[in-house]
Amino acid sequence: MDLIIQGELNKKFQELSFPFVDGVQDVPFPYGAFGYSTNTHLNTKTSRGNTVYFQLDLFSKYNGQMEVKMMEHEVLDVLALPFTLEDDRQAFLYDWNFQVIYEKENRVYHGVLEINLNIY
């Protein structure tokens, strides 16, 4: 399931003003990358679905946190509306968390955006 969602996110992230890659790579800054993901079944009395968690890593060499925070907002804007998967199920963002880490030795701002998508 998370692989299917990642494919859909790749399509949606093409709207971003910065490239989004699969894993940390040697590409020009700024860029985003897929990190860790999990998939949990949501089985209740009334519905069947999944919660898919993704860690999205955002990297910037801008001198300050502004660029990486703008990247976070751009990603959240793209995910603001539900989207349909190839099997006609709906995915929507229901929770997120964001933190910025300054990697001093590389002089890189690393934004960690954790998103949870519900799939029904």
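User: Where is K12 found?

Analyst: K12 is found in helix 1. Keep in mind that this is a predicted model.

User: Is K12 buried or exposed, and what is the nearest side chain of opposite charge?

Analyst: K12 is buried, yet it has no salt bridge. The nearest side chain of opposite charge is E15, 4.6 Å away, and a salt bridge needs the charged atoms to be within 4 Å.

User: What does K12 touch?

Analyst: Leaving out residues up to four places away in sequence, K12 touches V78, L79 and F83.

User: Switching to helix 2, which residues are buried there?

Analyst: V68, M71, E72, V75, L76 and V78 are the buried ones in helix 2. Viewed down the axis of helix 2, they fall within an arc of 160°, so they line one face of the helix. On the other side, M70 and D77 are exposed.

User: What do those buried residues pack against?

Analyst: Their partners include helix 1 (2-12), strand 3 (48-60) and strand 5 (90-103).

User: And the largest nonpolar core, how many residues does it have?

Analyst: It has 26 residues, and L9, F13, F20, L56 and V75 have the most contacts inside it. Helix 1, strand 3, helix 2, strand 5 and strand 6 each supply at least two residues of this core. There is also a second, separate core of five residues, including V21, Y31, F59 and V108.

User: What does F20 touch?

Analyst: Not counting residues up to four places away in sequence, F20 touches F13, G32, A33, F34, L56, L58 and V75.

Key. Residues numbered from 1 in each chain as written. Predicted model: local features only at pLDDT ≥ 70, side-chain atom pairs only at ≥ 80, totals over all residues. Heavy atoms only, no water. Buried < 20%, exposed > 50% of the residue type's maximum accessible area, 1.4 Å probe, protein only. Helix = DSSP H or I, 4+ residues; strand = E, 2+ residues; numbered from the N terminus. Arc of directions from axis to C-beta. Contact = heavy atoms within 4.5 Å. Core = buried A, V, L, I, M, F, W, Y, C linked by side-chain atoms within 4.5 Å. Lys, Arg positive; Asp, Glu negative; His and termini not counted.
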